[in-house]
Amino acid sequence: MIRRVLAATRLVLLVQARGYFPHTFALFVGMVVGVLLFVVPEGIAQLILPVFLVTEPGMLGLMAVAAHRYLELGSASVSALHVSPLRSGEYLVALLSASALLGTAAGVVTFAAVAGVDGRLVGLTLVLFAFAFLSGLLGFALSLRYPDFPRFLLGSIPAMVVWQLPLLAAFDLAPAAVVVWLPSAAGILALAELCRGDLSLPATAGWVLAGGAWAGAAFVLVQRLYARRLRSGWELA
Amino acid sequence: MIVSVRELAYRYPGATESVLRDLDFEIAEGEVFGFLGPNGSGKSTTQKLLTRILRGHQGRISVFGQDLETQGVAYHERIGVCFEIPNLYEKLTARENLDFYRRFYAGPCDPPEALLAELDLPEADRRPVGHYSKGMKMRVVLARSLVNRPKLWFLDEPTSGQDPEHAVRIRDLVRARADAGSTVFLTTHDMHLADTLCDRVGFLVDGRIASVGSPRELKLAHARRTVRVELRRGENLESQSFELDEPASKAAFLELLRSERVETIHTQEPSLEDVFLEVTGRRLLG
Ligand SMILES: Nc1ncnc2c1ncn2[C@@H]1O[C@H](COP(=O)(O)OP(=O)(O)OP(=O)(O)O)[C@@H](O)[C@H]1O
Ligand SMILES: [Mg+2]
């Protein structure tokens, strides 16, 4: 199982790199943003860093997952995967891991460039990965609703806005109680606290657990939806 | 029996009519079974049910002596599937397409280079397959379906888009694999291919097998036996055809032999195409 997931993850990364998915250049994007934040005044950097940490693995990841799915649908290559030993759940894990890996790497590079290298990077890596994975799941779930990428982009705008609402609480523009029930809240609030530098180890663990629990539950749900979609034969060649 | 299908019925979700109803057939080990029928008769649908792309059929499908529903990863380890469309990663090379696919299998696999060479594709080609011609892409799909040395090999129109040379090459390849012990489920519209390659063929009409048997049996059973006679009448060379299974026509033929000067006699070989037209056409007329 692990072997198949790893093989599929590598395949996804290669296909996206050859297809010039913006997300595959996340590392590069992260470095550029890191340099930018380095030269702008500290106040602005403090402001932008959490926003970048949320949008890069979150929003870009969500779109990369969906874009990959539409690409596979267009070429019907996904049908070939589903007559191989690769299970649909393994494919899902691979797709989400690939985008989460890139988003996490970009986030870590940016963070290190702005805030320096310290112990927070461990917590940051975990939070970023869980948040990126969860955001990718949202992208996948939304893509099941729309037949093509343009319609997906349009149709997902409300979901994407709601998804980022916890940022308001992170900047004290809204009370945390209003947004904390959103699946994205744990990740976003944890990232904001990490940026402020006041996230303790127990608090980090708490956020990672909360984010992980959401990701796990969402994974089970999305995997079911996807398996049901596959069984209907509607999208396989 | 490697494949045994009993009373198989299937309706696409949301569709009003069933594509397959009461479908029965069996395939023995090492056999090349041709699955023939008109466009839209449900050949690809049947292949998708057998390869587990589609789920939710009625009736019983048993493969490798076990109910298909109860089989998991191990089933996909043992089958190979060639699709009717070139569903490849267009930005990857042919080698990469095979190489990545191969990693999903736990069992022994064949090296991509050997398979590509076998299908007359340049192994060291750096071009992405998106730049290939349709026939070349389809041969990559075919090569990909062989990476895991499948015991049961599904081929959906493997020669469509192939020039005559490559069509023959593919036919020989399928024959060789079957002789080496693989069982082949072959869908095709090429009646000549089916005739020369298949051990048995089944005609799918209205969601059922309308006729099944070896190409030879079917040709003898379905096609009309005719003779074509050329005869000399004065200066003119005339030709006439007689149906040997119709008493009046047969009598006329015998009379002609007795009374006229016959130059040549040819028996008209019934072809699988004739069988196809008869088996499927009769149904269309109701
Ligand atoms: N995903 C689908 N949803 C609904 N109906 C479908 C779907 N795919 C195929 N059909 C219908 O099922 C029937 C059988 O299609 P199928 O592709 O199995 O035919 P086929 O015998 O392979 O035809 P061809 O010779 O053209 O390849 C057709 O009427 C087709 O319109
Ligand atoms: Mg077909």
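**Ground rules.** I number residues from 1 along each chain as its sequence is written, and I letter chains from A and number ligands from 1 in the order in which they are written. In this predicted model local features need pLDDT of at least 70, side-chain atom pairs count only at pLDDT 80 or more, and totals for chains, interfaces and linings use all residues, while side-chain values use heavy atoms, with hydrogens and water left out.

**Ligand 1.** I looked up the surroundings and found 13 residues around ligand 1 (a heavy atom within 4 Å). The closest are B:Gly40, B:Lys43, B:Ser44, B:Thr45 and B:His189. By class I count three nonpolar, seven polar and three charged residues in this shell (Ala, Val, Leu, Ile, Met, Phe, Trp, Tyr, Cys and Pro are nonpolar; Asp, Glu, Lys and Arg are charged; the others, Gly among them, are polar).

Next I checked side-chain N or O atoms against ligand oxygen atoms. The distance is 2.7 Å for B:Lys43, 2.7 Å for B:Ser44 and 2.5 Å for B:Thr45. Taken alone, ligand 1 exposes 640 Å², and the protein buries 63% of that (Shrake-Rupley method, 1.4 Å probe).

**A:His68.** I located A:His68 in helix α3 of chain A, residues 42–75 (a DSSP run of H or I, at least four residues). Is A:His68 buried or exposed? A:His68 is buried, at a relative accessible area of 1% (buried is under 20%, 1.4 Å probe, protein chains only).

Leaving aside neighbours within four places in sequence, I find A:His68 in contact with A:Val12, A:Val15, A:Gln16, A:Phe21, A:Tyr91 and A:Leu95 (heavy atoms within 4.5 Å). With A:Gln16 there is a side-chain to side-chain polar contact at 3.2 Å (a pair of N or O atoms within 3.5 Å, one able to donate a hydrogen and the other to accept it).

Notes:
Helix = DSSP H or I, 4+ residues; strand = E, 2+ residues; numbered from the N terminus. Buried < 20%, exposed > 50% of the residue type's maximum accessible area, 1.4 Å probe, protein only.
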